[in-house]
Amino acid sequence: MHIGPVKAGTNLDHMEENTMEYTPKGVCSQQIHFDIVDHKVRNVSFRGGCNGNLQGISRLIDGMDVDEAIKRLDGIRCGFKATSCPDQLAKALKEAAGE
């Protein structure tokens with residue numbers, strides 16, 4: 001699946017075909033990188049944040065359908081924050097999928 005140019009004002013930057021970089025808001029991680037191949041999430045990595053937990057999340061959703069990943073991650077909160085790194089990944093996936 002090829003994601004076209006990103007609309008101005010989004011947090012998503014198109015790096016190269018299928019490779020995305022997202023700038024999360026309200027969480028410890030500073031960047032989220034991922035690929036979407038045939039509507040599957042691939043190669044998720046985070047810069048910053050809780051390294052072990054984010055590696056675990058990245059491995060658990062690798063190969064998962066984009067819609068299923070969004071469904072599982074959307075709305076997760078971190079402590080008293082209104083969002084979390086998994087929730088921010090869901091937002092990035094939604095933007096990439098055009099939702």
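What share of the contacts in the protein chain with a separation of 6 or more comes from residues 24 or more positions apart? The share is 38%, where a contact means heavy atoms within 4.5 Å. Before going further, please note that this is a predicted model, in which local features need pLDDT of at least 70, side-chain atom pairs count only at pLDDT 80 or more, and totals for chains, interfaces and linings use all residues. Residues are numbered from 1 along each chain as its sequence is written, and side-chain values use heavy atoms, with hydrogens and water left out.

Let us start with the overall layout. The protein chain has three helices and four strands, and along the sequence they follow the pattern β-β-β-β-α-α-α. Here helices (H or I, at least four residues) and strands (E, at least two) are DSSP runs, numbered from the N terminus. Of the 99 residues in the chain, 38% are buried; buried means under 20% relative accessible area, exposed over 50%, and partly exposed in between, with a 1.4 Å probe and protein chains only. The accessible surface comes to about 5,600 Å², with 51% of it belonging to carbon and sulfur atoms, as calculated by the Shrake-Rupley method with a 1.4 Å probe.

Now turn to the helices. Two packed helices are described by the angle between their axes and the distance between the axes. For α2 (residues 66-73) and α3 (residues 85-97), the axes come within 8 Å and cross at roughly 145°. These axes are lines fitted to C-alpha atoms over the stretch in contact, and angles run from 0 to 180 degrees between N-to-C directions. On the α2 side, Val 66, Ala 69, Ile 70 and Leu 73 take part, meeting α3 residues that include Pro 86, Leu 89 and Leu 93. By class, this contact has nine nonpolar, no polar and two charged residues; Ala, Val, Leu, Ile, Met, Phe, Trp, Tyr, Cys and Pro count as nonpolar, Asp, Glu, Lys and Arg as charged, and the others, Gly among them, as polar.

Ser 84 sits in the loop between these two helices. Ser 84 is buried, with a relative accessible area of 2%, and its side chain reaches the backbone nitrogen of Asp 87 at 3.1 Å. Leaving aside residues up to four places away in sequence, Ser 84 touches Val 27, Ile 76, Arg 77 and Cys 78.

Finally, look at the loop between β3 (31-37) and β4 (40-47), where Asp 38 is found. Asp 38 is exposed, with a relative accessible area of 62%, and has a positive phi of about 50° although it is not a glycine.

Notes: A polar contact is a pair of N or O atoms within 3.5 Å; within protein, one must be able to donate a hydrogen and the other to accept it, and residues adjacent in sequence count only if both atoms are side-chain atoms.
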